[in-house]
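Have the sequence and the model open side by side as you read.

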Amino acid sequence: MDSQMLRFTLDKLDKLGYLKTCKKKVDKDFELGAVLRYFENEVPIVFNNIKNYDIDLVGGIYGSRKIFNNLMDVNEEDRIYKFMDAIGNPKPYKEIKNGPIKQNILTKNIDINKLFPIPISHEKDSSNFITAGMLIIKDPDTKDIHMAVRRFQINDKDNISALVSGASPHLNNIIKKAEAKNEKLECAVVLGYDAEFLIASQISSSKYGLDKYEVYSALKNEPLEVVKCSSVDILVPAFCEIVIEGHLNPNKKVKEGPFGELMGYYGEIANHPTIDIKAVMHRDNPIFQHAFPSREEHLSNGLIREVEIYSALKNIVDVLDVNVTVGGGCRLHAIVKINKRNEGDGKSAILTALGSSKDLKHVVIVDKDVDIYNYKDVEFAIASRVQATKDVVIVPNALGSPLEASHVHKGLSDKMGIDATKPLDNELFNRAIIPGYESINIDDYF
């Protein structure tokens, strides 16, 4: 359907006034990333004049919470419920015989770096990296589909490597079974997708056991239309921009990294499996999708983490909303808004939130009168409602995130929770209110 994938998204962004176009000639290495970084990777930009390439590149599409909500037609009040409903009520997808992605099929003389403007982002990055690629792998035994955003290091003209971290138990299990049999795995890398596809990819396969194509169909409220790849037995979105087909070699690994990733640090260098490229499919005049490292896919991952923290809390306290913050890498920090009913609710929320994910390092619990998306308001609550000896909870030497530098350095993480809720029935903590403030239109006054 024309309402699916990247081109529909770009049209919508343009109509909403979010899309910028960079017409100045830019180098894909460093310069392009510098432009995206200038806007903190929150502004969607089409680059239509890339040095040595005749195709467009788009970046920064899914780096803003506000834009994400607009693309998915949700707001802060209802987004968690929509995501929970899609997880609880997936809908079938639809296989079709042909689609725009099959307009061009390349099987010979493939040179991935010449085909597409694959950037180098940071000074010490080991190579060019595809950063927005959606890896699709079918489990040969169960036929279940694994789908997740991965980074792909370019090793040669027709060989790339896929980052497979320890935080991906389902994918690791598939790869280990193939390693034991010394078998290759058919795979595809998809580029040019929409916000719903990205959100669906972030749902844990091991936790929910869902078909992510069906979750997409529920989020979109229409069947995802898919076609079979040209050289491997894998279904991919019919309206995406680019599909790289190949075989993942579990027993053939190469050194991957360094690469600038979470929180702006370089990640560890490690050996990861390679992919031999067998074919490339793309639409006419394909648009190459780029995600400046560790922002767009992490924001979407944070949105799903908010659902999981909310779900963990809802039977413990009257939870109203959760913000897994961008400043905390969309996984290390959370701000939780509750309707406090008992004096122990703040501490209970801290313990539950920290226990819901090993990655969560610091959590702040606030009252319903605090805007958890306004960091000045959160700081106000910490400044005026917290006494450290009574309201700060510290859990030493816990399991932390393998992507967080201080955890990697020490092997363990201290966890901290701040109860920034006010005491019940104490008028000293009531905020001064201007009647009618929320309803004024400031433009009427100037």
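A disulfide here is a pair of cysteine sulfur atoms within 2.5 Å. This is a predicted model, and it holds 0 disulfides. Salt bridges are another story: a search of the whole structure turns up 30.

**Cysteines**
- Cysteine 187 is in no disulfide, and the nearest cysteine sulfur, on cysteine 229, sits 9.2 Å away.
- Cysteine 187 is buried, at 0% relative accessibility.
- Cysteine 22 counts as buried too, at 15%, because the cut-off for buried is under 20%.

**Lysine 138 and aspartate 233**
- These two make a salt bridge, with the closest N and O atoms 3.3 Å apart.
- Lysine 138 is in strand β7 (residues 134–138) and aspartate 233 is in the loop between β12 (225–228) and β13 (235–237), so the bridge ties together parts 95 residues apart in sequence.
- Lysine 138 is partly exposed at 22%, and aspartate 233 is partly exposed at 36%.

**Arginine 385 and aspartate 369**
- Their side chains meet in a salt bridge at 2.8 Å, N to O.
- Arginine 385 belongs to helix α12 (residues 375–385), while aspartate 369 is in the loop between β19 (362–366) and α12, 16 residues apart.
- Arginine 385 is buried at 5%, whereas aspartate 369 is partly exposed at 29%.

**Other bridges**
- Aspartate 359 pairs with lysine 358 in a salt bridge at 3.4 Å, N to O.
- Aspartate 359 is buried at 7%, but lysine 358 is partly exposed at 37%.
- Arg65, Glu76, Arg79, Glu306 and Asp321 are joined in a salt-bridge network.

Methods:
Residues are numbered from 1 along each chain as its sequence is written. This is a predicted model: local features need pLDDT of at least 70, side-chain atom pairs count only at pLDDT 80 or more; totals for chains, interfaces and linings use all residues. Side-chain values use heavy atoms; hydrogens and water are left out. Buried means under 20% relative accessible area, exposed over 50%, partly exposed in between (1.4 Å probe, protein chains only). A salt bridge is a side-chain nitrogen of Lys or Arg within 4 Å of a carboxyl oxygen of Asp or Glu. Helices (H or I, at least four residues) and strands (E, at least two) are DSSP runs, numbered from the N terminus.
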